[in-house]
Amino acid sequence: MELTNQEQELLNGEKGQATQKAMQILVALGKIYGADKMIRVSSVQVAAVSYKTLGDAGIEYLEEMVKGGAKVQVKTFLNPAGLDRDQWKQMKFPEKFAKRSFEALDCYQKMGIAMTCTCTPYLIGIQPKVGEHIAWAESSAVSFANSVLGARTNREGGPSALAAAICGVTPNYGLHLDENRASEVTVKVETEVKTSAGFGALGAFVGNQAKHRHPSFIGIKNAKQDQLKGLGAAMAAWGSVALYYVKGITPEYIVSDSAEQITVEKNELEEMKEKMGVKEKPELVTIGCPHASFEEIEEVANLVKGKKLGCKLWVCTAKKTKEKAKQAGFVSIIEEAGGKVVADTCMVVCPLEEMGYKITGCNSGKAAKYLASACKQKVVYGNIEDLVFK
Ligand code: F3S
């Protein structure tokens with residue numbers, strides 16, 4: 001792998017210990033995946049922010065990087081943290097968890113990373129263009145950036161994303177190369193999919209079959225940006241899809257001549273929805289996986305206005321989006337109905353199980369998967385209106 005003089009200096013430790021460690025990670029990755037060189041990235045999204053995913057060892061690693069002088073060289077922003085920084089006491093987050101979460105956030109801040117705490121950076125103004133090289137880490141954001149925005153990113157891990165931020169480069173392999181971006185499985189959708197829960201189920205069904213491949217959809221006539229984010233998130237969770245195409249919708253549509261063909265019919269989606277949850281009354285309903293857009297918060301506000309909810313409700317979003325929704329009056333409408341607009345965190349990376357929740361409802365394919373596996377929840381899957389008034 002060829003390194004520029006400047007990159008070689010970083011590897012030699014001429015810019016400090018932390019930068020040397022970061023470059024060592026990138027070079028090791030480049031060698032494993034056969035990269036010919038490093039390429040510059042215009043932005044980095046760092047994941048592994050919650051104490052739940054980092055653990056004590058993760059925080060120690062961050063502290064060591066801070067001590068070694070780590071500073072990011074490109075625009076870098078954070079995935080959701082383990083708690084809502086403003087409401088954690090009121091929401092009864094455990095004290096020890098909060099303390100460790102703030103210590104992790106403090107390390108990231110010292111490295112110069114923006115405290116966005118969201119998995120939808122593209123909804124708060126961070127929108128790379130078609131062909132732009134980036135290094136993002138959260139799987140739904142990776143999928144959205146590659147597919148809906150047409151940017152180029154691999155699915156980075158916590159350490160590799162942080163290393164890219166510190167060095168400003170990433171190894172040139174995988175989805176940075178055009179030859180690795182053709183779809184190998186075409187999905188013919190033979191039913192109309194309209195709701196978020198429907199797109200989540202479609203993503204779960206296709207993710208299961210596509211695994212790590214790039215699906216190309218035909219037959220999806222209309223899909224809002226929010227539904228695409230839900231589709232991509234579900235495929236990333238139920239498979240490990242990092243790139244997909246939708247004919248007539250995504251900016252690119254590249255399909256290999258030898259692509260396998262699969263068809264999805266109405267009964268398959270209905271069966272998938274059944275498998276994704278149990279038929280019980282949820283204690284808590286969580287919306288916003290990936291983080292809710294302003295429009296989704298507006299939809300929830302319109303739905304619950306003047307009503308009383310049958311359970312707790314969290315609408316998870318970015319702080320910036322919450323501020324906008326607050327100004328529009330949507331946050332108070334949701335609160336009057338008994339719900340909460342939760343910023344900085346989400347239902348999966350917060351300590352839901354420690355907080356006593358056992359049965360959680362959602363309309364997201366990704367949340368359905370991880371609420372069960374990572375949060376020990378019984379999942380109730382469906383459309384929001386069917387969940388909150390149960
Ligand atoms: Fe985002 Fe959490 Fe879902 S990070 S994609 S809301 S699991």
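Contact here means that heavy atoms lie within 4.5 Å of each other. Among contacts in the protein between residues at least 6 apart in sequence, 78% join residues at least 24 apart. The model is a predicted one, in which local features need pLDDT of at least 70 and side-chain atom pairs count only at pLDDT 80 or more, while totals for chains, interfaces and linings use all residues. Residues are numbered from 1 along each chain as its sequence is written, and side-chain values use heavy atoms, with hydrogens and water left out.

The protein has 14 helices and 13 strands, taken as DSSP runs numbered from the N terminus (helices: H or I, at least four residues; strands: E, at least two). Buried residues make up 59% of the 390 residues, where buried means under 20% relative accessible area, exposed means over 50%, and partly exposed lies in between (1.4 Å probe, protein chains only).

Helix α8 (residues 225-238) and helix α13 (residues 365-373) pack at an angle of about 35 degrees, with their axes 7 Å apart; the axes are lines fitted to C-alpha atoms over the stretch in contact, and angles run from 0 to 180 degrees between N-to-C directions. On the α8 side the contact is made by A233, A234, A237 and W238, and on the α13 side by G365, K366, K369 and Y370. Two of these residues also meet in another way, as K369 lies over the face of W238, at 4.8 Å from the ring centre. Such a placement requires NZ of Lys or CZ of Arg within 6 Å of the ring centre and within 35 degrees of the ring normal. Likewise, K324 lies over the face of F294, at 4.5 Å from the ring centre.

The structure holds nine aromatic pairs, a pair being rings of Phe, Tyr and Trp (its six-membered ring) with centres within 6.5 Å; planes under 30 degrees apart count as stacked, over 60 as edge-to-face and the rest as tilted. Two of them are listed here.

| Pair | Centre distance | Plane angle | Kind |
|---|---|---|---|
| W88 and F102 | 6.1 Å | 65 degrees | edge-to-face |
| F217 and Y244 | 6.2 Å | 85 degrees | edge-to-face |

W88 lies in the loop between β3 (75-78) and α4 (95-110) and F102 in helix α4, so their pair ties together parts that are 14 residues apart in sequence. W88 is buried, at 13% relative accessible area, whereas F102 is partly exposed, at 31%. F217 belongs to strand β6 (residues 215-218) and Y244 to the loop between α8 and β7 (245-246), so this pair ties together parts that are 27 residues apart in sequence. F217 is buried, with a relative accessible area of 0%, and Y244 counts as buried at 0% too.
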